[in-house]
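Welcome! Take a moment to look over the chain before reading on.

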Amino acid sequence: MAATLCARFLPKQGWLPLTQGVRHGSKAVTRHRKPIHFLKQKLLAVTKYIPPPRPVPPDAYPPETTLVQEDSGFVLLLKRDLKKVFQDHKMVAVVQNSGSNAEDMITLKQRLYKHGISVKFFPNQVMRSFLSESVYCNMTPLFIGPTVLFVSKEPKVKEMLSALRASPQMILLGACIEKSLLSAQGVVSYSRLPSVTVVQGELVSGLTMLTSQTSSMLQRHPAHLSALLHQYIKQQSPNDGAEEAT
């Protein structure tokens with residue numbers, strides 16, 4: 001009997017439950033933003049409050065400190081040698097080494113040594129540091145890449161150019177000759193100038209010619225003046241005799 005009662009109250013297969021949830025439809029949304037007129041949008045954009053930037057407190061960031069790097073003893077020694085090179089030598093040429101080997105460099109050194117020209121090597125960093133503090137600061141752009149210095153106590157420009165023609169891998173960039181900075185073309189033009197002895201001979205010959213012309217002019221004027229005076233006396237003497245006769 002209990003089984004029959006339970007079977008009556010239990011739902012059968014395919015039947016709906018006694019309670020069923022009712023799903024209501026969605027309500028109308030009334031929170032849409034109303035369209036704003038274009039002129040009002042402009043007015044709101046123009047009159048919008050822009051807060052000023054917040055000032056940074058003075059102690060917010062650590063103070064900027066500049067680190068001063070001091071030169072080492074080896075760098076100071078190289079700078080001293082460079083200063084002596086520029087003081088004792090009248091010609092300091094900067095040459096770029098474009099891949100020459102050790103044998104070519106030894107041959108070039110021997111050719112230059114015959115004419116009293118020596119080859120010196122200095123790091124570019126030391127050269128730029130030295131030149132930035134000296135009167136030769138305009139030579140700083142020349143020291144880029146592998147560079148070599150050709151120095152001599154006398155300006156042996158022709159001999160240096162003839163040695164460089166035999167070494168095409170060595171390119172002349174510029175030079176300081178007798179306290180004057182010259183480009184590569186300026187060095188070539190300087191080599192075409194006559195020597196000092198030739199210029200002195202031309203100067204002496206010009207001065208002697210001027211002195212000889214001056215002495216001849218000084219001797220000519222008194223003689224010419226005396227001849228004019230004699231001629232004037234001759235012209236005046238017959239007239240005086242004729243007046244006395246009358």
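The side chain of serine 191 reaches the backbone oxygen of valine 188, at a distance of 2.5 Å. This model is predicted, so please read every value here as computed from a prediction.

- Serine 191 has its place in helix α7.
- Is serine 191 buried or exposed? Serine 191 has a relative accessible area of 10%, and buried means under 20%, so this residue counts as buried.
- If you set aside the neighbours within four places in sequence, serine 191 is in contact with Val157, Lys158 and Leu161.

**The largest pocket**

- The largest pocket has a volume of about 310 Å³.
- Its lining is made up of 13 residues, and those nearest the centre of the pocket are Pro155, Tyr190, Leu193, Pro194 and Ser195.
- Helices α6 (157-165), α7 (184-191) and α8 (196-245) are the elements that give two or more residues to this lining.
- Which element gives the most to the lining of the largest pocket? That is α6, with three residues.
- Sorted by class, the lining of the largest pocket holds seven nonpolar, two polar and four charged residues.

**Helix α5 and what covers it**

- Helix α5 spans residues 124-132, and its buried residues are Asn124, Val126, Met127, Phe130 and Leu131.
- Looking down the axis of α5, you would find these buried residues within an arc of 160°, so they line one face of the helix.
- Gln125 and Ser132, on the other side of α5, are exposed.
- What covers the buried residues of α5? The cover includes α3 (73-88) and β3 (147-152).

**The enclosed space**

- Rolling a probe the size of a water molecule over the atoms shows where empty space is left.
- How many cavities of 30 Å³ or more does a search of the whole structure find? The search finds one.
- The largest cavity has a volume of about 40 Å³.
- Its lining consists of Lys120, Phe121, Phe122, Asn124, Met127, Phe143, Thr147, Val148 and Leu149.
- Both α5 and β3 supply at least two residues of that lining, and β3 has the largest share, with three residues.
- By class, the lining of the largest cavity divides into six nonpolar, two polar and one charged.

**A buried residue in a loop**

- Glutamine 169 sits in the loop between α6 and β4 (170-177).
- With a relative accessible area of 18%, and with buried meaning under 20%, glutamine 169 counts as buried.
- Leaving out neighbours within four places in sequence, glutamine 169 is in contact with Gln96, Asn97, Ser98, Ser100 and Asp104.

**The whole chain**

- The protein chain has eight helices and five strands.
- Along the sequence, these elements follow the pattern α-α-α-β-α-β-α-β-α-β-β-α-α.
- The protein chain has 246 residues, and 20% of them count as buried.
- Take the contacts between residues at least 6 apart in sequence: 75% of them join residues at least 24 apart.

Methods: Residues are numbered from 1 along each chain as its sequence is written. This is a predicted model: local features need pLDDT of at least 70, side-chain atom pairs count only at pLDDT 80 or more; totals for chains, interfaces and linings use all residues. Side-chain values use heavy atoms; hydrogens and water are left out. Buried means under 20% relative accessible area, exposed over 50%, partly exposed in between (1.4 Å probe, protein chains only). Helices (H or I, at least four residues) and strands (E, at least two) are DSSP runs, numbered from the N terminus. The arc is that of the directions from the helix axis to the C-beta atoms. Contact means heavy atoms within 4.5 Å. On a 1 Å grid over the protein atoms alone, a cavity is a set of points where a 1.4 Å probe fits but cannot get out, and a pocket is an open set with protein on both sides within 12 Å along at least five of seven lines; lining residues have an atom within 4 Å of a point. Grid points are joined across faces, edges and corners, and a volume is the space filled by probe spheres set on the points. Ala, Val, Leu, Ile, Met, Phe, Trp, Tyr, Cys and Pro count as nonpolar, Asp, Glu, Lys and Arg as charged, and the others, Gly among them, as polar. A polar contact is a pair of N or O atoms within 3.5 Å; within protein, one must be able to donate a hydrogen and the other to accept it, and residues adjacent in sequence count only if both atoms are side-chain atoms.
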